[in-house]
Amino acid sequence: MKTHWRRLALARQGLMSPQPFGKGLAGACRAIEHLGYVQIDSLSVVERAHHHTLWARVPGYRPEHLTGLIRERRVFEYWFHAASYLPMRDFRFALPRMSAYRSRTHHGDPRLAQEILARVRGEGPLRVRDLESRQDGPGNWWNWGPGRRALDQLFMQGDLMVRERNGIEKLYDLTENVLPAGLDLREPTLPEYAEHLLDTTLRAHGVVTWKQVLHLKTGQPLKEAMRGVIRDRMAQRRLVALHDDGLSDGYAEPDALERVPKAAASRVRLLSPFDNAVIHRDRLSQLFGFDYRLECYVPAPKRRFGYFCLPVIYGDRFIGRADCKAHRAEKRFEVLSLHLEDRTVDVDLFLPSLAEALQPLAAFNGCEVVQAEALRATPRAGRAGATASVTRARRA
């Protein structure tokens, strides 16, 4: 039975069909609205997480599409469980965090925050590098000291928003200048917020757990509100518990399996370490038997798999991880190692599918050549090594 729940989870994530959200910019917008958020990360060993996550689901996706969605006010930057892009329609559900942040005692300089706010009102949008101390020289005190902290505070409490981006550089403006007209700005009640979290997680994942729904969300009142929402929906038969299927604290909608694909094609997908499908590690382990950790923050001698391993999906299973690196200056995409952890995988069938998946990923990273000289399988997979290969990348 767990196989069906796995397929449901991958289907809801948009990872079981070629173009579940459409193509290009419109597809990227629908993907973010369906997923509820896409995590932002600055690591660029391969393409940054927010771009990689969308590219894995949206044919024809390009990084400038996300820039366009921000400029068109269809998505916005804020905090979900981490820095993320969120659908603009969900802005009101960011208000509780903004209010909570505003009520905290901060160690920054409130006078400085007001000066920055007045400057944006008077002079228009600004970037971090515009906040330069005339006394200390460009980029010193303002950029990394009190000025930067004040700017972050204004962003977190909702006075400023990111109006647009140029790469990793943000342009900040007054929130009222960024929000589209007619947007619902009512702060949700606690039960409304709990329902939003549950609905968003069910829509994006199909199978959810208690820890996943409240991932990095704190406070006993919210937990009590979520218990009430789940209790009411189970009483209304809108939610069923999956404890008998080996999913501790697992839930799904009773008719969810009716829309699950019957079988999965033997297609390989390489995901970002920050992909929505893998970010909830406990659920990933329970549902797929895949114990994934990102090791770039682990000291080199303690790494088991590699610095920046990408989770590998084969059909409807997570079967291993590939440590990859894009050498953009050389236009070379390198597979440093491959670790297969599923004993049932037929390596002779899998490797051609992997090579086919690597080519468009390399092209998306601006690389023309895929170098897989270190390609190998783990002993657990019953294969000591694989043939080295260098293939020409195909444009996505």
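Trainee: Over how many bridges do S2 and strand S3 pair?

Mentor: This is a predicted model, in which local features need pLDDT of at least 70, side-chain atom pairs count only at pLDDT 80 or more, and totals for chains, interfaces and linings use all residues. Residues are numbered from 1 along each chain as its sequence is written, and side-chain values use heavy atoms, with hydrogens and water left out. Strands (E, at least two residues) and helices (H or I, at least four) are DSSP runs numbered from the N terminus, and two strands pair if DSSP finds at least two bridges between them. S2 and S3, the latter spanning residues 83-87, pair in the antiparallel sense, and the number of bridges is five.

Trainee: Which residue in S3 stands opposite Phe 76?

Mentor: S2 and S3 form a hairpin with three residues between them. Within it, Trp 79 stands opposite Ala 83. The residue opposite Phe 76 is Leu 86.

Trainee: How many of the five residues of S3 are buried?

Mentor: Buried means under 20% relative accessible area, exposed means over 50%, and partly exposed lies in between (1.4 Å probe, protein chains only). S3 is largely enclosed by the rest of the structure, because the buried residues number four.

Trainee: At what angle do H2 and H10 pack?

Mentor: Two packed helices are described by the angle between their axes and the distance between the axes. Axes are lines fitted to C-alpha atoms, for helices over the stretch in contact, and angles run from 0 to 180 degrees between N-to-C directions. The axes of H2 and H10 are 7 Å apart, and the angle is about 125°.

Trainee: Which residues in H10 do Glu 33, His 34 and Leu 35 in H2 meet?

Mentor: Contact means heavy atoms within 4.5 Å. By that criterion, the three residues in H2 meet Thr 200, Arg 203 and Ala 204.

Trainee: Which residues of helix H1 are buried?

Mentor: Helix H1 covers residues 2-12. Its buried residues pack against several elements, including helix H2 (24-35) and helix H10 (190-205). They are Trp 5, Arg 7, Leu 8, Ala 9, Leu 10 and Arg 12.
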